[in-house]
Amino acid sequence: MLRWRGLEATPGDLGRTVVTIGMYDGVHRGHQALIGTAVARARAMRRPCLLLTFDPHPAEVIRPGSHPAILTSLDRKAELVAGLGVDAMCVLPFTPDFMRLPPETFTHTVLVEQLHAAAVVVGENFTYGHRAAGTVETLAVEGRRFGFAVEAVPLADVSTEVDSGGEPETVTVSSTFIRACVAAGDMVSAEQALGRPHRVDGVVVRGHRRGRALGYPTANVETPPFTAIPADGVYAGHLVSRNVEGGSEERFPAAISVGTNPTFQGSRRTVEAYVLDFDRDLYGEHVGIEFARRLRPMTAFPDVDALLEAMDADVAETRRLLGLPSAE
């Protein structure tokens, strides 16, 4: 997949394109349906499918200090949309000047002059331009003027599981909904809306090495700013070891701790993964942490023995939930 940042870097031989526009944070099931429509339209027209997205998140520029938690980094987003058939991804820096562009200027400068849109596929609630004055309806009018088709895709709904035994709830899939699930530690609902487990990516760094001393060596994962990290607690999931150059991945079952290690009076929030039946050195590696289900909240234990007893139970429950055989 072609990928570039800024309109000035747009390849000169791109030709006419089918463009889909949005933050696409999470590349969730609603996004997947929208991108699938854009890819199908591009294939039918024999044009490349181009995804136009933004960085930083517009909320940070419109309301400084309100940057939402990010579900997928730009690199992860690129991997996911490429897997859906997108041919090119353009990242536009979202600046105060860009924010003030009138809708018609955005259409003419970005979609027509630079990206040569033959068709534009967006969600039915799409807005654009200064003060979000542009809508699907105004985009369709401009499309007729400049010679590109416009297609609006309905929002997707998903039925979420209720752990308490209540009735499942049908909700509209959105990045905001998924962020709320992640913040609450509800990884089941997050996975249902995403269509895959929620994942955070980062680099394995050296921590206090307490886990190793206790017989549970952990990979301490340093994540980028604003990453959507689940609520404090212990989770069953997987560590994904990434070959950055080759693009290959390996998944290993893991018991994951998120929090400040209150038993040791910690103050820094960390993501640590104890990888089951694994003895490879991961320091310096780029990894992903996938969260399947929350096992328990973070707890301050009275002593190390109580902590070890809980960790033994966490690992046993992780094996059970992931369908793994008990440890010998």
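**Salt bridges and a helix pair**

R251 has a relative accessible area of 46%, so R251 counts as partly exposed. On that scale, buried means under 20% relative accessible area, exposed means over 50%, and partly exposed is in between, with a 1.4 Å probe and protein chains only.

Before going on, the ground rules. This is a predicted model, where local features need pLDDT of at least 70 and side-chain atom pairs count only at pLDDT 80 or more, while totals for chains, interfaces and linings use all residues. Residues are numbered from 1 along each chain as its sequence is written, and side-chain values use heavy atoms, with hydrogens and water left out.

Back to R251. The side chain of R251 meets that of E290 in a salt bridge, at 2.8 Å from N to O. A salt bridge here is a side-chain nitrogen of Lys or Arg within 4 Å of a carboxyl oxygen of Asp or Glu. R251 lies in strand β14 and E290 in strand β16, residues 286–296, so the pair ties together parts that are 39 residues apart in sequence. Helices (H or I, at least four residues) and strands (E, at least two) are DSSP runs, numbered from the N terminus. Is E290 buried or exposed? E290 is buried, at 9% relative accessibility. There is also a network: R199, D201 and E249 are joined by salt bridges that share partners.

How many salt bridges does this rule give? The count comes to 16. One of them joins the side chains of R3 and D75, at 2.9 Å from N to O. This pair links distant parts of the chain, with R3 in strand β1 (residues 2–5) and D75 in helix α3 (residues 74–83), 72 residues apart. R3 is partly exposed at 39% relative accessible area, and D75 is partly exposed at 46%.

Next, E151 and R41 form a salt bridge, and their closest N and O atoms are 2.7 Å apart. Since E151 sits in strand β8 (residues 149–153) and R41 in helix α1 (residues 29–45), the pair ties together parts 110 residues apart in sequence. E151 is partly exposed at 25% relative accessibility, as is R41 at 27%.

Now the helix pair. Two packed helices are described by the angle between their axes and the distance between the axes. The axes of α5 (residues 103–114) and α6 (residues 136–146) come within 11 Å and cross at roughly 50 degrees. Axes are lines fitted to C-alpha atoms, for helices over the stretch in contact, and angles run from 0 to 180 degrees between N-to-C directions. On the α5 side, the contact is made by P103, E104, T107, H108, L111 and V112, and on the α6 side by L139, E142 and F146. Contact means heavy atoms within 4.5 Å.

Last, two single residues. N220 is in strand β12, residues 219–222, and is buried at 10% relative accessible area. Leaving aside neighbours within four places in sequence, N220 contacts V203, V204, V205, G207, T270, V271 and E272.

T260 lies in the loop between β14 (249–259) and β15 (270–275) and is partly exposed at 22%.
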